Structure formats: C-alpha cells, structure tokens
Amino acid sequence: MNQKSESKAESKIHEDLSPTRNLTGIHLKIVATIAIIWSLFQLWYASPFPFWFNIGMFKGLPARAIHLGFALLLAFLIFPITRSKKITIIDILISIIGAFCCLYIYFFYDQLVDRGGILLKITLGNYIIPIELIIGSIGILLLLEATRRVIGIPLVIIAVCFLLFSYFGRYAPEIISHGGLSLNRLVGFQWFDQEAIFGIPIGVSVDFIFLFVLFGALLETAGGGQY
C-alpha cells in the first residue's frame with residue numbers, strides 16, 4: 001500500500017513539474033524552440049555583453065513585456081483550454097495575440113512614455129477607435145485565461161475581484177471606498193505602466209527567478225539532483 005501511495009505521489013510530482021510530457025512531433029519542436037529563445041534572451045539580458053558591445057540593451061518595462069510575452073506564448077501552446085483536449089488552432093491564435101499585446105509595449109515604449117499615460121486612439125472615418133484600450137483589455141483578459149489554465153481558477157477569482165474593486169470602488173463600504181478608476185485609467189495603469197502587472201513581482205522574475213529556475217532545470221537534467 002505504501003509503495004502504491006509513493007508511486008502515485010511520484011507520478012503527481014512528475015505531472016506537475018513536466019507540463020510538456022505529452023508534447024510530440026512539430027508541437028514539441030515549436031515549444032522547445034520558443035523556450036530556448038526565451039532562455040537565450042534572459043541570459044543575454046542578465047549578462048554584461050549588452051554593455052560591452054553597446055547593443056541589445058533593454059529597459060525595465062520593455063524587458064518585462066518581452067518576458068511575459070514568452071510566458072503567454074508558451075502557456076497557451078502547452079496548456080489547452082481544458083486538460084482533456086489537445087491544442088487547437090484557437091490556442092495558437094490566442095498565444096500569438098497574447099504575445100503581440102506584450103510586444104506592443106516593447107515596440108512603442110517611447111511613444112507610451114511621451115504620451116504620459118494617455119492611451120492612443122485612432123480615427124477611421126467617423127469612428128474613433130481606442131486602439132491601446134483594446135490591446136490592453138485583451139492583454140489583461142488573456143493573462144487571466146493563461147493563469148486559469150496554468151494555475152487554476154482561485155487566483156483568477158482573486159485578480160478579478162481586485163479589478164472590479166478598482167473600477168467600482170465608489171460603491172464599496174466607506175472604510176475601503178475610493179473614487180474608482182475609469183476604464184482608460186484602469187487599463188492604462190494595469191497594462192501600460194510599470195507598477196501593476198509589470199511591477200515588482202515580474203521584475204524579480206525577469207532579473208532573478210528565471211535564471212535560478214533555468215539553472216535548476218539544467219542541473220536536474222544533467223543529473224545533479226540525483227547526485
């Protein structure tokens with residue numbers, strides 16, 4: 001009975017630590033290629049080479065955006081919408097859209113800074129399209145969906161509660177009430193600022209955690225863990 005329990009525990013640990021266990025063929029090659037590129041980016045970012053050669057230097061927010069872009073890309077390519085299904089074309093499209101929402105910050109970082117938090121709107125004929133409001137909203141929603149797929153629904157519920165509190169703060173009990181944020185300010189702060197989604201936690205992940213995880217994975221693969 002004890003051996004059976006230990007076998008189940010080991011199987012569960014292996015399942016939790018190896019989300020790519022069921023990947024095969026071209027799917028595995030694509031995921032592996034993205035993971036390798038992400039690792040090379042992080043190693044380059046952490047190395048002194050950008051300063052030695054004066055090339056490939058990344059500022060804080062753009063680097064964090066690229067980091068999250070890789071994470072969303074892999075999350076949707078590894079974890080299907082339900083654990084019982086396989087990756088579909090919808091998952092691939094969502095992964096690309098999620099990465100785009102993050103990389104938009106990298107490519108247009110200087111313009112975002114110059115506008116001082118004012119989200120860009122474009123005019124098409126008689127219509128005004130809040131392009132950055134749309135990009136930021138989609139990015140937040142896809143981040144919540146990726147969190148649900150990888151971690152589970154409890155953390156998503158907590159995040160949604162705080163988002164709702166930010167928007168409907170005026171209706172909260174007096175002791176915690178506030179004026180509330182407009183949708184533009186909420187999305188601008190959450191997605192295009194360095195204080196919310198791209199705040200300290202993801203900054204620590206970019207600067208330290210990823211490297212420790214990468215080193216641990218290499219050590220485990222090389223047999224260091226068994227030693």
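Select helix α9 (183–191): its buried residues pack against α4, α5, α7 and α8. Those buried residues are Leu186, Val187, Gly188, Gln190 and Trp191. Here, buried means under 20% relative accessible area, exposed means over 50%, and partly exposed lies in between (1.4 Å probe, protein chains only). Contact, the basis for packing, means heavy atoms within 4.5 Å. Helices (H or I, at least four residues) and strands (E, at least two) are DSSP runs, numbered from the N terminus.

The model is predicted, with local features requiring pLDDT of at least 70 and side-chain atom pairs counted only at pLDDT 80 or more, while totals for chains, interfaces and linings use all residues. Residues are numbered from 1 along each chain as its sequence is written, and side-chain values use heavy atoms, with hydrogens and water left out.

**The whole chain**

Of the 227 residues, 34% count as buried. Among contacts between residues at least 6 apart in sequence, 61% join residues at least 24 apart.

**The nonpolar cores**

Next, select Leu68, Ile105, Trp191, Phe192 and Phe198. In the largest nonpolar core, which has 31 residues, these touch the most other members. A nonpolar core is a set of buried Ala, Val, Leu, Ile, Met, Phe, Trp, Tyr and Cys residues joined through side-chain atoms within 4.5 Å. Two or more residues of this core come from each of α4, α5, α6 (109–115), α7 (131–150), α8 (153–167) and α9. Helix α7 supplies the largest share, seven residues. A separate core of 15 residues lies apart from it and includes Trp38, Phe41, Ile66 and Leu73. In soluble globular proteins, nonpolar side chains tend to be buried together.

Center the view on leucine 68. Beyond its neighbours within four places in sequence, leucine 68 is in contact with Cys102, Leu143, Trp191, Ile197, Phe198 and Ile202.

Follow that list to isoleucine 202, in helix α10 (residues 200–221). Isoleucine 202 is buried because its relative accessible area is 11%. With neighbours within four places again set aside, the contacts of isoleucine 202 are Arg64, His67, Leu68 and Ile197. Arginine 64 is 138 residues away from isoleucine 202 along the chain, yet their C-alpha atoms are separated by 6.6 Å.

**The second largest pocket**

Now select Gly116, Gly117, Gly188, Phe192 and Asp193. Among the 16 residues that line the second largest pocket, these lie nearest its centre. The pocket has a volume of about 290 Å³. On a 1 Å grid over the protein atoms alone, a pocket is an open set of points where a 1.4 Å probe fits, with protein on both sides within 12 Å along at least five of seven lines, and lining residues have an atom within 4 Å of a point. Grid points are joined across faces, edges and corners, and the volume is the space filled by probe spheres set on them.

Both α6 and α9 give two or more residues to this lining, and α9 gives the largest share, four residues. By class, the lining has nine nonpolar, five polar and two charged residues. Nonpolar covers Ala, Val, Leu, Ile, Met, Phe, Trp, Tyr, Cys and Pro, charged covers Asp, Glu, Lys and Arg, and polar covers the others, Gly among them.

Move to aspartate 91 in helix α5 (residues 89–107). At 2% relative accessibility, aspartate 91 is buried. Its side chain makes a polar contact of 2.7 Å with the side chain of arginine 149. A polar contact is a pair of N or O atoms within 3.5 Å; within protein, one must be able to donate a hydrogen and the other to accept it, and residues adjacent in sequence count only if both atoms are side-chain atoms. Outside four places in sequence, aspartate 91 is in contact with Phe76, Pro80, Ile81, Lys86 and Arg149.

Then select arginine 148, in helix α7. Arginine 148 is partly exposed, at a relative accessible area of 28%. Its side chain is joined to that of glutamate 145 by a polar contact of 2.8 Å. Not counting residues up to four places away in sequence, arginine 148 touches Ile81, Ile153 and Val156.

**A last stop in a loop**

Finish at asparagine 54, in the loop between α3 (49–53) and α4 (60–78). Asparagine 54 is exposed, with a relative accessible area of 60%. Its phi is near 55°, a positive value in a residue other than glycine.
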